[in-house]
Amino acid sequence: RVAVAAASAASKAARRCVLPSSWSQSRAQRVRWGTSLHQCSASPQSCLSLVACQKKTVGARSFFSSRAAMSYDGAKGVVVGEFGGPDVLRHTDVEVRPPAASEIVVRVRAAGVNPVDTYIRSGTYARCPPLPYTPGGDGAGEVVEVGAEVQKFKVGDRVWKSSLSPGSYSQYLTVSEDEVQPLPDGLSFAQGCAINVAYGTAYRALVQRAKVKPSERVLVHGGSGGVGVACIQICRYLGVTVHATAGSTEGLALVREQGAHACFNHRTASYVDEIKKTSPAGYDVVVEMLANVNLQTDLELLARNGRVAVVGSRGRIEIDPRGTMAVDGAVLGVAFGLTPPQELSELHAFIGAGLVG
């Protein structure tokens with residue numbers, strides 16, 4: 001079965017587990033690495049309706065390693081033929097392209113659903129693929145066929161998708177061997193399909209854009225989502241003091257469990273005052289998930305030389321630029337999709353170390 005993983009449909013257990021002990025300094029710091037399912041801005045039904053039965057089974061390894069041409073007749077997937085609402089998602093037959101020399105075919109076992117998938121589907125995103133296309137930037141599964149020059153993987157290997165190219169809402173996916181990473185045996189496919197966008201964006205924001213350092217203080221403004229949880233975990237590993245906000249009792253419990261040193265309910269009128277009282281010197285880094293609402297507040301919370309890393313925004317906002325001048329601060333945009341190849345390799349190495357640590 002192809003499992004579609006949306007955070008709004010995931011159980012608490014799927015979102016809460018612990019980092020390998022070697023990644024933390026004490027038992028109290030242990031938080032789960034690579035397991036927070038992505039948040040979706042709509043219901044699972046409106047994001048995606050795909051629970052398709054596999055019509056083929058994976059045979060013996062010796063059969064697939066013979067490099068004989070495989071048949072994927074009857075493979076199913078989701079196809080978008082026009083931009084629009086959830087009703088443009090069509091569950092239908094899809095063509096599975098045979099792998100080129102350096103490509104592999106992955107049998108998709110779980111596909112991640114991210115807010116960006118809904119933006120692309122609606123046609124409102126800055127970079128949309130040509131129509132028709134099969135959605136899905138995140139996924140995990142097992143290798144069922146390899147090209148003649150593939151060196152990194154063999155048939156039967158478990159992998160998670162590490163590129164942003166669409167296509168994981170399908171039973172099979174043909175990708176370059178550089179577009180996937182090994183999935184450790186200790187992680188489920190559902191956990192594997194929640195790694196790429198959340199943890200890649202978090203590392204990009206904190207380390208590569210904001211240049212966070214051990215002993216600095218970070219505020220994750222919206223810490224209970226996929227990227228927010230990943231930010232908390234990465235901060236704890238790096239020795240960074242991290243505070244986080246959430247908007248519900250469940251969300252506050254989650255950020256505490258993931259290791260936040262302090263947490264605040266951003267739906268209360270007094271939460272900014274509580275933050276300032278808790279951290280009077282301000283924050284070296286603020287990771288912002290909803291800049292069109294919070295950016296001016298973020299500037300008021302910065303310490304000297306502080307940086308705001310903008311991960312998400314859904315509109316415009318008027319700010320006072322003197323907020324940056326007062327602390328010699330900066331506002332940094334974060335676009336995971338624009339990560340240069342060398343920095344992408346660094347990012348994948350960091351995440352990979354966390355998964356097996």
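Of the 357 residues in the protein, 54% are buried (under 20% relative accessible area with a 1.4 Å probe, protein chains only; exposed is over 50%, partly exposed in between). This is a predicted model, where local features need pLDDT of at least 70, side-chain atom pairs count only at pLDDT 80 or more, and totals for chains, interfaces and linings use all residues. Residues are numbered from 1 along each chain as its sequence is written, and side-chain values use heavy atoms, with hydrogens and water left out.

**Whole chain.** Switch to a cartoon view. There are twelve helices and 14 strands (DSSP runs numbered from the N terminus: helices are H or I, at least four residues; strands are E, at least two). Take the contacts with a separation of 6 or more: residues 24 or more positions apart account for 68% of them (contact means heavy atoms within 4.5 Å). Now show the surface. The protein exposes about 15,800 Å², and carbon and sulfur atoms supply 51% of it (Shrake-Rupley method, 1.4 Å probe).

**Strand E6.** Select residues 158–161. Arg-158 and Trp-160 point one way, Val-159 and Lys-161 the other, and all are buried. Which residues flank Val-159? Gly-141 stands opposite Val-159, and in E8 its bridge partner is Pro-182.

**Strand E9.** Select residues 217–221. Four of the five residues are buried, so E9 is largely enclosed by the rest of the structure. E9 and E10 pair in the parallel sense over four bridges. Find Val-220; its bridge partner in E10 is Ala-244.

**Second largest pocket.** Rolling a probe the size of a water molecule over the atoms shows where empty space is left. Select Glu-95, Thr-134, Pro-166, Gly-167 and Leu-173: of the 19 lining residues, these lie nearest the centre of the second largest pocket. Its volume is about 450 Å³. Which strand gives the most to the lining? Strand E7, residues 172–176, does, with five residues. Colour the lining by class: nine residues are nonpolar, six polar and four charged. A pocket here is an open set of points on a 1 Å grid over the protein atoms alone, where a 1.4 Å probe fits, with protein on both sides within 12 Å along at least five of seven lines; lining residues have an atom within 4 Å of a point.

Conventions. Points joined across faces, edges and corners; volume = space filled by probe spheres on them. Nonpolar A, V, L, I, M, F, W, Y, C, P; charged D, E, K, R; others polar. Pairing = 2+ DSSP bridges.
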